[in-house]
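Hello,

Here is the structure I said I would pass on. My notes on it follow below.

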Amino acid sequence: MLDLLTMRALVFHGTNDIRLERVPIPKPGFGEVVIRVTLTTICGTDLHIVRGEYPVERGLVLGHEPVGLIHEIGPGVTGYQVGQRVLVGAITPCGQCHSCLGGRLSQCGGALGGWKLGNSVNGAQAEYMLVPNAQANLAPIPDELRDDQVVLLADIASTGLSAAESAELKVGDSVAVFAQGPIGLCATAGARLKGAGLIIAVDSDPTRLAMARRMGADIVINPLKHYDVDEEIRRITGGRGVDVAIEALGTQQTFENALRCLTPGGTLSSLGVYSGKLSVPLEPFCAGIGDIRVVTTLCPGGKERMRRLMELVLHGRLDLTPLLTHHFTLDRIEEAYQLFGERRDGVIKVAILPGESQHLLNS
Ligand SMILES: [Zn+2]
Ligand SMILES: [Zn+2]
């Protein structure tokens with residue numbers, strides 16, 4: 001009897017201590033919905049949490065990229081049915097506070113406040129998950145789309161694509177994308193979607209550079225081969241530099257390289273999460289009067305954002321399934337964390353299946 005009321009979930013117990021355990025299945029309160037998670041994944045941010053680089057409460061269920069079926073609907077949520085397939089964004093804004101109504105959904109209720117799942121409330125690496133503010137956050141998945149076609153939209157696609165959007169990239173702009181991890185690869189795809197002319201991808205991992213080409217990069221640069229990345233970018237662009245430089249790693253060096261390769265008056269669109277201190281070198285920043293824009297973006301969330309991203313997949317404009325390089329059942333999620341954390345075996349993203357479908361996948 002007890003088993004019917006409990007579920008398996010990956011629980012954070014402290015630095016480098018995560019455990020798959022049985023915890024109670026959540027019950028939805030007012031405005032909430034519980035979904036049965038059918039597919040999720042692990043994010044670089046989850047690694048930061050596990051390594052103790054980003055603080056969360058002990059006892060929290062990790063994960064913020066859920067696809068699932070509606071299991072139970074709380075009072076006050078209308079227009080949804082039990083059994084419906086839904087995608088939930090990594091960021092779950094309330095849709096009602098002054099930040100949300102002002103259009104800054106990711107900053108719901110305060111700085112970074114839109115990120116709740118696997119941060120301030122239990123997340124998606126579990127059999128069931130409670131969706132807060134469900135009315136604003138459940139995006140029905142079109143029947144034509146499979147779970148694996150939409151799971152990466154929740155976070156990395158929404159974040160990655162936002163780089164070109166926040167930069168207000170114009171048709172024909174030249175773009176350089178620094179780092180081709182999952183987010184950088186999506187930023188490359190986003191630059192293509194927004195109509196960039198030339199797209200240059202920078203990374204030191206040849207496998208990721210090959211994937212960058214698949215996502216839309218015209219030229220790839222490996223900093224291990226080109227010591228002066230900004231000089232190489234200037235050479236490629238006929239001395240002009242790029243109109244938009246996207247930073248998708250969160251280090252001083254990539255931020256500086258992004259700044260140095262800009263055309264006069266260009267835009268640095270930053271997605272990276274920096275730690276410690278970030279300093280701005282004044283020479284490429286033109287002493288602060290170079291008409292340079294630096295814009296930052298936290299993953300846009302909410303059901304309308306998810307619907308729009310699914311439109312891109314539905315009509316063949318975006319296919320991120322090549323990024324799901326590995327599959328694991330929830331039982332083996334700790335192994336998946338290791339592989340993902342150590343970047344072994346050409347891993348880009350791992351699909352985690354919490355359901356009963358173990359026999360469908362092996363590795
Ligand atoms: Zn994430
Ligand atoms: Zn809000």
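**Strand β3 and its neighbours**

Strands β3 and β15 (residues 349–353) run antiparallel and are joined by two bridges. Across that pairing, T40 stands opposite I352 of β15. Please keep in mind that this is a predicted model.

β3 also pairs elsewhere. Six bridges link β3 to strand β4 (residues 67–73), again in an antiparallel arrangement, and V33 has I73 in β4 as its bridge partner. With strand β6 (residues 128–131), β3 forms four bridges, and these two strands run antiparallel. There, V34 is partnered with L130 in β6.

How enclosed is strand β3 (residues 33–41) by the rest of the structure? Eight of its nine residues are buried, so β3 is largely enclosed.

Eleven residues of domain 1 and ten residues of domain 2 take part in the contact. On the side of domain 1 that touches domain 2, six residues are nonpolar, two are polar and three are charged.

**Helix α7**

Helix α7 takes in residues 182–193, twelve residues in all. At 1.5 Å a residue the helix should span 16 Å, and its end C-alpha atoms lie 17 Å apart, which agrees.

Is α7 mostly covered or mostly open? The helix is mostly covered, with ten of its twelve residues buried. Among the buried residues are P182, I183, L185, C186 and A191. After α7 comes G195, which has a positive phi, near 95 degrees.

Most residues other than glycine have a negative phi. Which residues depart from that here? A287 is not a glycine, yet its phi is positive, about 55 degrees. D291 is likewise not a glycine and has a positive phi of about 55 degrees.

A287 sits in the loop between β12 (262–270) and β13 (293–296). The place of D291 is also in the loop between β12 and β13.

Are these residues buried or exposed? A287 has 7 other C-beta atoms within 10 Å, so A287 is exposed. D291 has 9 within 10 Å, so D291 is exposed too.

Regards

Methods: Residues numbered from 1 in each chain as written. Chains lettered and ligands numbered in written order. Predicted model: local features only at pLDDT ≥ 70, side-chain atom pairs only at ≥ 80, totals over all residues. Contact = placed C-beta atoms within 7 Å. Nonpolar A, V, L, I, M, F, W, Y, C, P; charged D, E, K, R; others polar. Buried ≥ 20, exposed ≤ 12 C-beta atoms within 10 Å, placed from the backbone. Expected span 1.5 Å × (residues − 1). Pairing = 2+ DSSP bridges.
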